[in-house]
Amino acid sequence: MGFERQDAGMKSDATPQPYDGPVDVLSKTRIAPEVFAFELARPDGVPLPLPAPGAHVLLRFGDYERRYSLLPPVTPGSWRIAVLRDAAGRGGSVALCDGLEQGATLTAQGPENYFPLDTGHPHVMLIAGGIGITPIFAMAGALWAAGTPFTLHYAVRAAAAAPLLDEIRAAPWADALRLHVSEQGTRLNLVQTLLRAPSGSHLYVCGPERLNKAALEAALDLGWDSGRSHVEHFATAEEGDAAANGAFWVELKSTGERFEVPEGKTIVAVLEEEGIFLSTSCSEGVCGMCVTGLLSGRADHRDAVLSAAEHEANTSITPCCSRALPGETLVLDL
Ligand code: FES
């Protein structure tokens, strides 16, 4: 991946967005004890772009900026999201669920898609955990419409707390559902589930990180080619991580210039201040757009896009979120 040096103040090479502007809350509905569905629409009445399965929207409200997967719309021209009110989270979901009512206005950017679905596979194994059902629900509908055989394994703690379960049971593809309820002792057994997958099946998984990781590891252990496993990651680092980590230096191979990356700043941000703009999109280590060659120095890899083997090899880095291990200087192939 290359970079370009621009005059300070110019914009980085961002992917053009179909819509970036205000949206109004058309409706707010509680769909599970701690989950709210929101319908969003443009104030000027222009239809929002129809999202592909797996796409998400970036919402800005108050001091928060959060990504949410998009559900198939109910009201034409609107977007629909489902938000888990996580009282133990970083505050965004509580602010959204408690603070936004019908008629409120916020800012939305999207759709973007880091978790695209290919309906051309011979069979698809969908695995969702909790609120991770949102992109998986959209995928199930698209697979059914395309005539692609699939099975949806939905792991929840309690059926009464499972978002979208009523909609799934009413869907024309409801017979693809395999519900795993841990309170009832029907916990999802990943190895057994993957062993039953037809030959050539592809896996799409979205849930808590431990579920995502366990599913990917189980698939690898069973000999699945890594290209057959697809996972949706959301934020990979908790708020405050950056500030808790020390400063380090980066060096550019092409010029030998060295820049200090202080606490709380990313490599991308420091380089931008110097007029060096890297291509970025997610800024969270999930899309892979910023991946840059690493020539020396051991990195603290914090992304979810490079594989464990690539982290071990330490020859590339995601400068939007990864840092240097203590005492290391990173020489970037820039
Ligand atoms: S910008 Fe997406 S991984 Fe760095």
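This passage describes the overall form of the chain and then several of its residues. The model is predicted, so that local features need a pLDDT of at least 70 and side-chain atom pairs count only at pLDDT 80 or more, while totals for chains, interfaces and linings use all residues. Residues are numbered from 1 along each chain as its sequence is written, and side-chain values use heavy atoms, with hydrogens and water left out.

The chain contains seven helices and 20 strands; helices (H or I, at least four residues) and strands (E, at least two) are DSSP runs, numbered from the N terminus. For 334 residues, a compact globule would have a radius of gyration near 20 Å, and the value of 21 Å for the chain agrees with this. That radius is taken over C-alpha atoms, and the globule rule is 2.2 Å times the number of residues to the power 0.38. The C-alpha trace spans about 60 × 50 × 35 Å along its principal axes.

Of the 334 residues, 46% are buried (buried means under 20% relative accessible area, exposed over 50%, and partly exposed in between, with a 1.4 Å probe and protein chains only). Among contacts (heavy atoms within 4.5 Å) between residues at least 6 apart in sequence, 65% join residues at least 24 apart. There are 25 positive and 41 negative side chains, and the centres of the two sets lie 5 Å apart. Lys and Arg count as positive and Asp and Glu as negative, whereas His and the chain ends are not counted; the place of a charge is NZ of Lys, CZ of Arg, CG of Asp or CD of Glu.

Leucine 203 belongs to strand β11 (residues 202-206) and is buried, because its relative accessibility is 0%. Not counting residues up to four places away in sequence, leucine 203 touches Met125, Ile127, Leu194, Ala215, Ala219, Trp224, Arg228, Ser229 and His230. Its C-alpha atom is separated by 38 Å from that of proline 43, 160 residues apart along the chain. Glycine 227 occupies the loop between α5 (209-221) and β12 (229-231) and counts as partly exposed, because its relative accessibility is 42%.

Most residues other than glycine have a negative phi, and most peptide bonds are trans. The peptide bond from glycine 110 to proline 111 is cis, with omega near 0°, and proline 111 is placed in strand β7 (residues 105-112). Leucine 164 has a positive phi, near 70°. This leucine 164 is in the loop between β9 (150-156) and α3 (165-170), and its relative accessible area of 4% makes it buried. Asparagine 314 also has a positive phi, of about 60°; asparagine 314 lies in the loop between α7 and β18 and is buried at 17%.

Serine 316 is part of strand β18 (residues 316-317) and is buried, with a relative accessible area of 13%. Apart from neighbours within four places in sequence, serine 316 contacts Val291, Thr292, Gly293, Leu294, His301 and Leu306. Arginine 302 is located in the loop between β17 (299-300) and α7 (308-313) and is buried, because its relative accessibility is 17%. Its side chain makes a polar contact with the side chain of aspartate 300 (3.0 Å); such a contact is a pair of N or O atoms within 3.5 Å, where within protein one must be able to donate a hydrogen and the other to accept it, and residues adjacent in sequence count only if both atoms are side-chain atoms.
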